[in-house]
Amino acid sequence: MKAIQFLIGFALFALASSLASAYDPALFKISVWPSLITRMVVLFVNGKFCKDPKLAKAEDFFLSGLDKPGNTENRLGFNVTNANVEQIPGLNTLGTSAVRIDYAPYGQNPPHTHPRATEILVVLEGTLYVGFVTSNQLNNTLIAKVLNKGDVFVFPIGLIHFQVNIGNKSAVAFAGFSSQFPGVITIADTVFGANPPINPDFLGKAFQLDPKIVKDLQDKFINGN
């Protein structure tokens, strides 16, 4: 009898785990869950404890400062200010988050992906050239457009995309995500900044570059030289 109960419990646990992961595989911090088994799933899958919803307060759902420009004095001339579950614990289980993006003149948010979210971008100031690249199955087609103040553009989940300020003045955009913790993978940093480094011969063949050029890029991304 105990064995049967264990198997039933394990099956329910596995089902709940798959459903939780399918919804939003982010790192939860606060949640309102209807059952003990789901609370166990969140702890097991995401590695962080849920906050007792009875102890929730206004500060768990609040963040200030997105009106302030970010520091764009870096090699790419851009800055991202996050408003995700790391900054707003109350976003946990809600499947949404946001960022403010500041661009220096001719600054760029380089090619990157968000593995867990679709992004919708709204330009508040300036002129941006934005785009994403479709999958191999769709011939790696570039979908791009110049955006001005008030324009909106969507980047589908998982696809490589970018934004470039093509104006001689600073630009500002806000973006919303379909995940409380969308994650980001910056392509150049990931490929050439991997630690330990990926074999330069492998990357040279993949990118059709001389391995010496690859080593030079790795030195720049890993050591900042």
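## The second pocket

The second largest pocket of this predicted model has a volume of about 210 Å³. A pocket here is an open set of points on a 1 Å grid over the protein atoms alone, where a 1.4 Å probe fits, with protein on both sides within 12 Å along at least five of seven lines. The volume is the space filled by probe spheres set on the points, which are joined across faces, edges and corners.

Which residues line the second largest pocket? They are Arg75, Leu76, Gln108, Pro110, Pro111, Ile187, Ala188, Asp189, Val191, Phe192, Phe207 and Phe221; a lining residue has an atom within 4 Å of a point. Helix H3 (187–192) gives the most, with 5 residues, and E3 also supplies at least two. By class, this lining divides into 9 nonpolar, 1 polar and 2 charged residues. Here Ala, Val, Leu, Ile, Met, Phe, Trp, Tyr, Cys and Pro count as nonpolar, Asp, Glu, Lys and Arg as charged, and the others, Gly among them, as polar.

## The largest pocket

The largest pocket has a volume of about 270 Å³. Its lining holds 19 residues, and Val80, Asn82, Val99, His114 and Val184 lie nearest its centre. Strand E1 (78–83), strand E2 (97–103) and E3 each give two or more residues to this lining, and E2 gives the most, with 4. The classes are 10 nonpolar, 8 polar and 1 charged.

## The sheet

Now for the strands. Five of them form an open sheet in the order E6-E5-E8-E3-E10, with antiparallel pairing. Strand E6 (142–147) and strand E10 (185–186) stand at the edges with a single partner strand each, so one side of each has no neighbour in the sheet. Strands of a sheet pair through backbone hydrogen bonds, either parallel or antiparallel. Two strands count as paired if DSSP finds at least two bridges between them.

E3, residues 108–113, pairs with E10 over 2 bridges in the antiparallel sense. Across this pair, histidine 112 stands opposite threonine 186 in E10.

Where is the cis peptide bond? It joins asparagine 195 and proline 196, with omega about 5°. Proline 196 lies in the loop between H3 and helix H4 (200–207).

Asparagine 139 and asparagine 140 both sit in the loop between E5 and E6. Phi is near 65° for asparagine 139 and near 50° for asparagine 140, positive values in residues other than glycine. Are these two residues buried or exposed? Asparagine 139 counts as exposed at 64% relative accessibility, while asparagine 140 counts as partly exposed at 43%. Buried means under 20% relative accessible area, exposed over 50%, and partly exposed in between, using a 1.4 Å probe and protein chains only.

## The whole chain

The protein chain has 5 helices and 10 strands. These are DSSP runs numbered from the N terminus: helices (H or I) of at least four residues and strands (E) of at least two. Of the chain's 225 residues, 35% count as buried. The accessible surface comes to about 13,200 Å², of which 63% belongs to carbon and sulfur atoms; such areas come from the Shrake-Rupley method with a 1.4 Å probe, and for residues only the protein chains shown count as cover.

## How to read the values

Residues are numbered from 1 along each chain as its sequence is written, and side-chain values use heavy atoms, with hydrogens and water left out. In this predicted model, local features need pLDDT of at least 70 and side-chain atom pairs count only at pLDDT 80 or more, while totals for chains, interfaces and linings use all residues.
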